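These are my notebook entries on a set of look-ups in one structure.

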Amino acid sequence: MKKLVLELVFIVCLSSVYAQNKFTLTGYVRDSLSSESLIGATITISGKAKGVNSNQYGFYSITLPEGQYTVTCTYVGYQSLKTEIDLSTNTNFNFLLLPKISTNEAVVVYSKRRDANVKSAQMGKIDLSMNQIKSLPVLFGELDIMKTLQLLPGVSNAGEGNTGLYVRGGGPDQNLILLDDANVYNTGHLFGFFSVFNSDAIKNTTLIKGGMPAQYGGRLSSVLDITMKEGNMNKFQVDGGIGLISSRISIQGPIKKQKASFIVSARRTYIDLLVKPFVPKSSQFYGSGYYFYDLNAKMNYQFSDKNRLYLSGYFGRDVFDFRNSQRSFKTNIPWGNITATLRWNHVFNRKLFANTTLLYNDYTFAFNATQENLNLSLASGIHDLTAKTDFDYYPNPQHKVKFGASYTYHTFTPNILTGNQDSTVFTPNNSNKKYANEMALYLQDDWEISEKFQVNAGLRWSAFQQIGPYTIYHSDSNGNKLDSTVYKRGQSIKTYGGLEPRLTVRYAINDETSVKASVTRNLQYIHLVSNAGTTLPTDLWVPSTYRVQPQIGWQYAAGLFRNFKNNTYETSLEVYYKDMQNQIEYKEGYTPSLRDPEASFVFGKGWSYGAELFLNKTKGRLTGWVGYTLSWTWRKFPQLNKGEAYPAKYDRRHDLSVVGMYELNKHWKVSAVFVYATGNATSLPEQFYVIEGVLTQEYSRINQYRLPAYHRLDLAATYTPTYKPNRKIHGSWVFSIYNVYSHLNPYFIYFSQTGSPFQGTVKVEARQVSLFPILPSVTWNFRF
């Protein structure tokens, strides 16, 4: 009898298996006009709660029982596409979506899947469309991704006009900023007033400020993942713009239709060229000037449905020259980034997609100065070679598994100061370059347990190893070298590493409401050390070494997410707490010298906490958002501020952004931005003494005071003439006003001294320096 029961169970199970034959539907989602891959498109099955999103290269895969299905593909700003699929065998189907702007439909711009903020398990993730960025008023008419991100809750700027990002209390070095997978170490032009990202070359921008997935690492605070356009595979196209201080142009088109394409984008400022003819050669400042330029390039070749190759690169430079012939002084300061990315996409089977990447990255800064027979040079930089591979595995609709590995070889050039005067030569005490290996493995699973519960769980292992060649000098208290330890090439000096767990949980209360919670641990092995509050090129990137330990961060977050009126309004309220260990600052009284700057570092901890409110209107003629952040950010160093905790420079109690875009008609679109923020924390002199005729200042505790609150209003209007098919050039005009009511926001405060200490008439006054009053601008954008 027992044997018979077992046989019946076996037969039932076997029949169930055959009755539930499963097949896989795979393919790509692309723009039907340009064949650009569409990232994050949603593929849904009628009658099924489960769906799937296309990955970073437009690939999707979903496994279902045999049967007839109605499959719908949707993507923001595109017409939905619905098709009938007979899934009686493994099937390939590519979705080619038509942009709504090319149809007679009203143009509705979304930044992401309309219910993604409620449905997904990811927290603190924001996708920005280039259409949104191009609609906002900007400084000098320069479109800027970084300044748009600063309008989001939880993201602060570094000061007036600056592109530095401070996310949830983290420093500017705690953001992982990627351009086609390549690290970008310096994100600013003109000492940080403009970002290095040319909007004409950018396809997609994603910011993750909480619940960082395991595929990302090396930073504590956030990820900014920027993807360049691939180039139009069907026709040649030229885009560009002419503004007040710079112009840009992009050329893209097919190398071989439906097989290969390219895009090249360039941008340059020309204030130096316009001013030069008006500066006489007799002027003591003749030859001075400043300019920056960018070049983005990318090409791709599709060998088959299973293999595709991408090659992309970025080259950018700032060059500042100053001449003073009267004082026989001249200086040249060039700095910039170079990145190169080679990627190979391969589909192993219908459930396994792979991307293998080789990366080259170089950031350099140089300062060269000459006065009569004195020559000084300052150099620093970082050079990376990286190999990585990532896999997307789709076992079933409930799971999307991602795993991979990466290796980076770092070369750090310290802040080396050299010089000479006549026959006297100045050399640094420790001019050795520093070398390091960085490795990582990760595994993550986006698991939809039920319609109510979804979990994104991941584990990352990383390690960092300082290696030779390197020489450690042992010195006395006066800095005199006594002895040294020499490490040969490849010899291990110090190794750090550990596990980085990542977990995000979502519970859906109903179709419009969900609650989420996340906890992440991050290790950061590369650090930016600065005396300033902005990401200036003089800031120094340093590795973890035998003296410098990696930063360790834990972030805890929870949030309530709610959509209204068929996802017309998105709302969220998130709270967070972040703990940061092994933070780095320069010791009190530090001044640059010939010594290795590591000897001047001090180490401490930091923590931040706060709440973020976000209201976003995504549909209709009026779109925009309101973001508000209430936060506290603290630092504590045993060797600074008498060991007492102090607010970080970018601690902001209140941060408010109001953004609105309104489509008046098919020709005119207007937009407005209002921002308000608590003033930066700062240290100010509290007492003044006259010692031997010299006015001496005694400063307050670190960041004891606040600058006045920052606020401004910006307006913009975009005019697009009637489209005429027989006209070769199509354009639009963007008129913008920065700081409409010309509020003089503080950039910094200094103290002016008048009178004589010997006569007792010394008078000290605090004076505020402000940068930008009301600034109108106009830009002409064109396409042909």
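**Entry 1. Glutamate 500 and arginine 502.** I looked up glutamate 500 and found that it forms a salt bridge with arginine 502, with 2.8 Å between the closest N and O atoms. I note that the model is predicted. I then checked the accessibility of both partners. Glutamate 500 has 0% relative accessibility and counts as buried. Arginine 502, at 4%, counts as buried as well.

**Entry 2. Arginine 706 and aspartate 651.** I turned to a further pair, in which the side chains of arginine 706 and aspartate 651 meet in a salt bridge at 2.3 Å, N to O. I placed arginine 706 in strand 46 (residues 705–706) and aspartate 651 in the loop between strand 40 (646–647) and strand 41 (654–663); the pair therefore ties together parts that are 55 residues apart in sequence. Is arginine 706 buried or partly exposed? Its relative accessible area is 32%, so I recorded arginine 706 as partly exposed, the buried class being limited to values under 20%. Aspartate 651, by contrast, counts as buried at 1% relative accessibility. I also recorded a network in which salt bridges that share partners join Asp180, Asp181, Lys298, Arg343, Lys388 and Asp390.

**Entry 3. Glutamate 612 and arginine 168.** Glutamate 612 is buried, with a relative accessible area of 2%, and arginine 168 counts as buried at 1%.

**Entry 4. Nonpolar cores.** Which residues touch the most other members of the largest nonpolar core? I found Leu149, Leu152, Leu179, Phe197, Leu224 and Trp625, in a core of 55 residues. Apart from this core lies another, of 28 residues, which includes Leu25, Val29, Tyr69 and Leu87. I then listed the contacts of leucine 149, leaving aside its neighbours within four places in sequence: Leu128, Val155, Leu165, Leu207 and Leu224.

**Entry 5. Strands 1 and 4.** I examined the pairing of strand 1 (residues 22–31) with strand 4, which is antiparallel and runs over 7 bridges. Within it, phenylalanine 23 stands opposite leucine 64 of strand 4. Why do I describe strand 4 (residues 59–65) as largely enclosed by the rest of the structure? I do so because 7 of its 7 residues are buried.

**Entry 6. Valine 675.** I located valine 675 in strand 42 (residues 668–677). Valine 675 is buried, at 9% relative accessible area. Its contacts, with neighbours within four places in sequence left aside, are Leu151, Leu656, Ser657, Tyr710, His711 and Arg712. For arginine 712, I noted a separation from valine 675 of 37 residues in sequence and 5.7 Å in space, C-alpha to C-alpha.

**Entry 7. A nonpolar surface patch.** I looked next for nonpolar residues on the surface. Trp447, Ile449, Phe453, Tyr507, Ile509, Val515, Leu560, Leu573 and Leu613 form a patch there, with about 760 Å² of accessible area together. I checked one of these, leucine 573, which lies in strand 37 (residues 569–586). Leucine 573 is partly exposed, with a relative accessible area of 44%.

Terms used:
Residues are numbered from 1 along each chain as its sequence is written. This is a predicted model: local features need pLDDT of at least 70, side-chain atom pairs count only at pLDDT 80 or more; totals for chains, interfaces and linings use all residues. Side-chain values use heavy atoms; hydrogens and water are left out. Buried means under 20% relative accessible area, exposed over 50%, partly exposed in between (1.4 Å probe, protein chains only). Helices (H or I, at least four residues) and strands (E, at least two) are DSSP runs, numbered from the N terminus. Two strands pair if DSSP finds at least two bridges between them. Contact means heavy atoms within 4.5 Å. A nonpolar core is a set of buried Ala, Val, Leu, Ile, Met, Phe, Trp, Tyr and Cys residues joined through side-chain atoms within 4.5 Å. Patches are made of residues with over 30% relative accessible area and no salt bridge: like charges are joined within 9 Å, nonpolar side chains (Val, Leu, Ile, Met, Phe, Trp, Tyr) within 5 Å. Accessible areas come from the Shrake-Rupley method with a 1.4 Å probe; for residues, only the protein chains shown count as cover. A salt bridge is a side-chain nitrogen of Lys or Arg within 4 Å of a carboxyl oxygen of Asp or Glu.
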